[in-house]
Amino acid sequence: MERIEQVFMKAIPDIKDEYLDRITPVVGDLSLEKFGLDDETWNMLDMKISHIFHVGALVNMSQSYSNLRGPNVIGTENVILLSASSMKHIHFVSTIGVLDVYGCKYKDHDYFWDDSLIPHDMVKTVDTYGAYNISKLIAEYKLVRSMVPYTIYRPGFIGSHSQTGFSNLTDFDNRLVKGIITMGAIPQVSAKYDISPVDYVAKSIINIAYNTEKKSNIFNIVNQDPPNISDIFDAISEKFDITKIPYKEWLEIVHDLDKNNDLFSLKDSFTNKGFPGRSSDYPCSNTYNIVEKPEKLDRSYIMKWLDYMEQL
């Protein structure tokens, strides 16, 4: 509980104690049968829970499918099992990346599954679409094929808190920024860069979950008016006095970095084809029928994020 409280105090310093008092940690392992819990604890959860928000996963773009299968696929099977006895509603947080694999159809503001669009052997497409996206798609497939009530949320890339700048320091964007600051060079690039504040994503999920009139059970949550990566790099250049250099020169330096730089683990993402932009061209009409679109992310948002990183 101490670790949970520490995270909340960083993200939301003025959080009320009464909210924290409502949290009861239960330690388990997503990849083990019934989360590795004893029968008494499992039955307690089964009796007390009415809705399940399944957010737990191993989010790692460099791991193999075999390593991700336990927490991401078996973990979802365990959640379905916990739901099944009394048909608890499962709110499953997936990823927009599954659409790159599946190509889900969109019609009349509703998503629906078409098995003909699913690769025959999804695991064999890992090299094309990435093991993480495949693991989340298979988890979705198992949930859709079960008999339990569900809602699936597919966020794009999740950024820092809009008010406090709090963010996950081990994710791609933070590693990218930390690595650039350490190496002392910024690439001269321009590309749309999908990112949504974490508090916007969280509020969207809750508002959709509480909406009793929704006509769909699958919702994309992406920023359809994202900033340009050049806006982020301009702010970094200004705040840390770092020079911009042509992308090809920057790329050569990145591929010579050692493992002590945060960019080392990301360098396979950067190729001669150009800096990897992040598309936000996904249908979100059914989401925006319930929640407002995110506010445009301006320089002040970016600076709050950088200020938070600088404090650590």
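# A tour by selection

Helix α10 crosses helix α13 in a right-handed sense (right-handed if the near helix is turned clockwise from the far one by less than a right angle, left-handed if anticlockwise). This is a predicted model, in which local features need pLDDT of at least 70 and side-chain atom pairs count only at pLDDT 80 or more, while totals for chains, interfaces and linings use all residues. Residues are numbered from 1 along each chain as its sequence is written, and side-chain values use heavy atoms, with hydrogens and water left out.

**Stop 1: α10 and α13**

Select residues 229-240 for α10 and 299-311 for α13. Helices (H or I, at least four residues) and strands (E, at least two) are DSSP runs, numbered from the N terminus. The two helices pack at an angle of about 50°, and their axes are 10 Å apart. Axes are lines fitted to C-alpha atoms, for helices over the stretch in contact, and angles run from 0 to 180 degrees between N-to-C directions. α10 and α13 are therefore oblique to each other (under 35 degrees is roughly parallel, over 145 roughly antiparallel, 65 to 115 roughly perpendicular, the rest oblique).

Now show the side chains at the contact, meaning heavy atoms within 4.5 Å. On the α10 side, D231, I232, D234, A235, I236, E238, K239 and F240 take part, and they meet R299, I302, M303, W305, L306, D307 and E310 of α13. By class, the contact of α10 with α13 has 8 nonpolar and 7 charged residues, and no polar ones. Ala, Val, Leu, Ile, Met, Phe, Trp, Tyr, Cys and Pro count as nonpolar, Asp, Glu, Lys and Arg as charged, and the others, Gly among them, as polar.

**Stop 2: S160**

S160 sits in the loop between β6 (158-159) and α8 (172-183). Is S160 buried or exposed? S160 is buried, at a relative accessible area of 1% (buried is under 20%, exposed over 50%, partly exposed in between, with a 1.4 Å probe and protein chains only).

**Stop 3: α4 and α7**

Select α4, residues 65-84, and α7, residues 131-145. Y65, L68, N72, V73, T76, E77 and I80 of α4 face A131, Y132, I134, S135, K136, I138, A139, K142 and L143 of α7 across the contact. The residues of this contact divide into 10 nonpolar, 3 polar and 3 charged.

**Stop 4: the sheet**

Stay with α4, which lies across β1 and β2 and runs at about 175° to β1. Which strands make up the sheet, and in what order? Four strands form an open sheet in the order β1-β2-β5-β9, with parallel pairing (two strands pair if DSSP finds at least two bridges between them). β1 and β9 (218-221) stand at the edges with a single partner strand each, so one side of each is left without a neighbour in the sheet. From one strand to the next, the twist averages 15°.

Zoom in on β1, residues 51-54. I52 and H54 form the covered face of β1, and H51 and F53 the uncovered one. The parallel strands β1 and β2 are joined by 4 bridges. Select H51 and H89 together: H51 stands opposite H89 in β2.

**Stop 5: two residues with positive phi**

Go to M87, in the loop between α4 and β2 (89-93). The phi of M87 is near 55°, a positive value in a residue other than glycine. M87 counts as partly exposed, at 39% relative accessibility.

F35 also has a positive phi, near 60°, and is not glycine. F35 belongs to the loop between α2 (17-20) and α3 (39-48). With a relative accessible area of 12%, F35 is buried.

**Stop 6: T271**

Finish at T271, in the loop between α11 (247-254) and α12 (285-288). T271 is partly exposed, at 33% relative accessibility. Residues up to four places away in sequence aside, T271 touches Y247 and L251. Draw a line between the C-alpha atoms of T271 and T243: these residues are 28 apart along the chain, and the atoms are separated by 21 Å.
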